Amino acid sequence: MCHRSELLSLVLYQPAMVDTVAGATDYRGQPASRAATGGWKPSVFVMAMEIAERFAYKGVAANLITYLTGPLGQPMARAAASIDAWKGVSQMLPLPLACVADAWLGRYRAIVLASLIFVVSMGSLSLSAALPALRGGHVAIFYVALYLVALGEGAHKPCAQAFAADQYDEKDPKESVARSSFFNWWYFGMCAGTAVTTMVSSYVQDNVGWGLGFGIPCIVIVASLALFLLGTRSYRFYTTTEASPFSRVGNALLALIHSWAPKHRTRKLGDGDEDNAVAVEEVKSVLRLLPIWASCIIYAIIFSQTSTFFTKQAATLDRRIGARFKVPPAALQTFISVSIVVFIPVYDRLFVPLARRYTGRPTGITMLQRVGAGLALSLVAVALSALVEMKRLRVATEAGLVNTPKAQLPMTLWWMVPQYILIGVADVFAMIGLQEFFYDQVPDAVRSLGLALFLSIFGVGHLLSSLLISVIDKTTARSGTSWFSNNLNRAHLDYFYWLLTGLCAVELVAFVLFSRVYAYKRKSGNDGGSGDLV
């Protein structure tokens, strides 16, 4: 009888065991059912939260150069450097905050907390813009709120994407393929949200008022948070008994240094040392990413110019469409998002299947090949930007408008559109490729940290851009006219873009060399292999 009851238990409970996802739980802490949790449905809830976050962040960042040089009266070089410094902080904060999320808060709670921070910060920005009479208090509230936005961005960014990607089981063949496609559609949704917010927010800010322009994203965040909470029952949650990323990496680094000592190299490992050996290998796997990380910094510097100098250039052009409508300068950034939204389906449905025929890879090309293509396109984009700026300066001279910086030049905005589109297509390759690469190649226990490492590329890029602009501005101003003069018709942004073109060419060569020797992380059923860029 005992054996019969045991057999009956196996028959009754085996289907449930087969239908669960290893290592994942549902919102009640029970083993996650594959049928009831995960997949596309819950990831769409998280994607909606990401779109709202883009609405909030881009609602500030896209037109911030206009606000700083307009209502706050800052010089262009100082405003651009301030924006890059703020963006740098917002992209560097994910590193420590991802560790906090992985070790203590959990990704779900971190997303909720970040959303609440966004609500407070966007409300404060709207308040500061609505009280311009209180000059001192207005500026103080503005900068406090601005860096609260950076804090919300830092908490949200690595956790949202990692949490959405967690809804796919990489050990399941079908879900693994779906996850690769998910990264494309995640960026599609993010850029669709960016396109809408850039157009709507910049128009409202320029034509209605800054208070309402900052207030609309606040309302969007509140609505999306409610939608995110509605999806709680369908989420998969991964718990870990591992040490926090800070202590784990710190102990591993100590063990790594300890192992370099000659007297320890031949000593046999004990039980405690075996754990350290595993941690050391994980740290080594992260350190192997650093050459790829470093060889993408210039790409990030190029990307940071789209919301500062590109916008100021666009403000000098003829932006009329029809008899009455005038395109806001910041709204030209919409072309980046639109090109991404258009090209992602082309990449996912046409390029990948075509490349798969020749390479035999499920994803068509490797992650590093994808990133390398994006870096090459960014090189073309910044070179084209230099040529267009040379054309703009020539038009200003021929029209006799060199000394009238606020005059509209007889040059249509469509001249600048190709460089925005090229940057958008470059992002489809490089940005998405880097996201997937840093998520996939870090140890499983610190996936949020991997995405934070990806974001830190842009954090360092923005900070270096801020430093580069400040140094060049002071250096060139001594010899006469700054490259970043407030009078754009006397400035030399073309020189700056040619400098970035040269740096990007050097970066691309370095990336190719590092990619050729990189070996991907081994997985079950995968033999790894080199980066195989060319």
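Colleague: What covers the buried residues of α15?

Modeller: The cover includes α8 (173-207), α16 (367-398) and α17 (417-440), with contact meaning heavy atoms within 4.5 Å. Helices are DSSP runs of H or I, at least four residues, numbered from the N terminus. This is a predicted model: local features need pLDDT of at least 70, side-chain atom pairs count only at pLDDT 80 or more, and totals for chains, interfaces and linings use all residues. Numbering starts from 1 along each chain as its sequence is written, and side-chain values use heavy atoms, without hydrogens and water.

Colleague: Which residues of α15 are buried?

Modeller: Among them are Ile336, Ile340, Ile344, Tyr347, Asp348 and Val352; buried is under 20% relative accessible area with a 1.4 Å probe, protein chains only.

Colleague: And where is the kink in α15 centred?

Modeller: The kink is centred on Tyr347, at about 40 degrees, in a helix spanning residues 334-359. The bend is the angle between axes fitted to the seven residues ending there and the seven starting there. Just after α15, Gly360 has a positive phi of about 80 degrees.

Colleague: New topic: how many aromatic pairs are there?

Modeller: The whole structure holds 38. Rings of Phe, Tyr and Trp (its six-membered ring) pair with centres within 6.5 Å; planes over 60 degrees apart are edge-to-face, under 30 stacked, the rest tilted.

Colleague: What does the pair tie together?

Modeller: Tyr299 is in α13 (residues 297-304) and Phe458 in α18, so the pair ties together parts 159 residues apart in sequence.

Colleague: Are those two buried or exposed?

Modeller: Tyr299 is buried at 2% relative accessibility, and Phe458 is buried at 3%.

Conventions. Helices (H or I, at least four residues) and strands (E, at least two) are DSSP runs, numbered from the N terminus. Buried means under 20% relative accessible area, exposed over 50%, partly exposed in between (1.4 Å probe, protein chains only).
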